[in-house]
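Biologist: Shall we talk through the charged pairs together? Let me put the model up first.

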Amino acid sequence: MDGDEVEEMVVLVDEGGAPIGEMPKRSVHGTSTPRHLAFSCHLVDRRGRLLVTRRALVKATWPGVWTNALCGHPLPGEAMEDAVRRRAWFELGAEIRAVTCILPDFGYTARDASGIQENEHCPVFIAEVVSPLVPHPDEVDEVEWTTVGKLSAATSAAPWAFSPWLVAHLPALAPHLLEATARHHA
């Protein structure tokens, strides 16, 4: 790391999601990952479609699996909505609006095939994409527009092909996604 780079930090949290410290992002994920703050966001468009993305094959955890539109970690002191907008731009080159937290208390722990553990307090958001997508190749391998029904059916039929956080939060989120896609399609 050269002297001009600032090391990205993540927020460590207790089981209730309250901040208890910070840790460098590059060292937080391992075989025994401390609970930390993250987020997931689903994007809908003006045509009422739902975006899913396939994680880049170079990702350290769950490479190549399908997931919600984007995920990330807020920086210490960063508002969650600002973090969602920042990651939407970084991962997808997308401008978004109407960022809304739907599942503020969602959290999960999962271990991928490489042995790396995720242990996240991970509020789930829905937002509307209002620009073309320009996916970052180190983050996103593919994008696909779908419907809530098709995504629910696919995650039920082949949960191993999707991120564990998507599979875990989709049942609670699906009614909100149906409402959001209907509203944006109207």
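Modeller: Happy to! A helix here is a DSSP run of H or I with at least four residues, and helices are numbered from the N terminus. Keep in mind that this is a predicted model.

Biologist: Great. By about how much of the helix are Glu 179 and Arg 183 separated in α4?

Modeller: Their side chains meet in a salt bridge, with N to O at 3.3 Å. Helix α4 covers residues 164–185, and the two residues are four apart within it, so the separation is about one helical turn.

Biologist: And how many salt bridges does a search of the whole structure find?

Modeller: Side chains of opposite charge can pair when their charged atoms come close. A pair counts if a side-chain nitrogen of Lys or Arg is within 4 Å of a carboxyl oxygen of Asp or Glu. Searching the whole structure on that basis gives 13.

Biologist: Take Glu 128 and Arg 46: how far apart in sequence are the parts they tie together?

Modeller: The closest N and O atoms of this salt bridge are 3.5 Å apart. Glu 128 is buried, at 2% relative accessibility, while Arg 46 is exposed at 53%. Glu 128 sits in strand β11 and Arg 46 in the loop between β4 and β5, so the parts tied together are separated by 82 residues.

Biologist: Nice. Which residues join Lys 59 in one network?

Modeller: Lys 59 forms a salt bridge with Glu 139 at 2.8 Å, N to O. That pair links two loops, so it ties together parts 80 residues apart in sequence. Through salt bridges that share partners, Lys 59 is joined in one network with Arg 87, Glu 91 and Glu 139.

Terms used:
Residues are numbered from 1 along each chain as its sequence is written. This is a predicted model: local features need pLDDT of at least 70, side-chain atom pairs count only at pLDDT 80 or more; totals for chains, interfaces and linings use all residues. Side-chain values use heavy atoms; hydrogens and water are left out. Buried means under 20% relative accessible area, exposed over 50%, partly exposed in between (1.4 Å probe, protein chains only).
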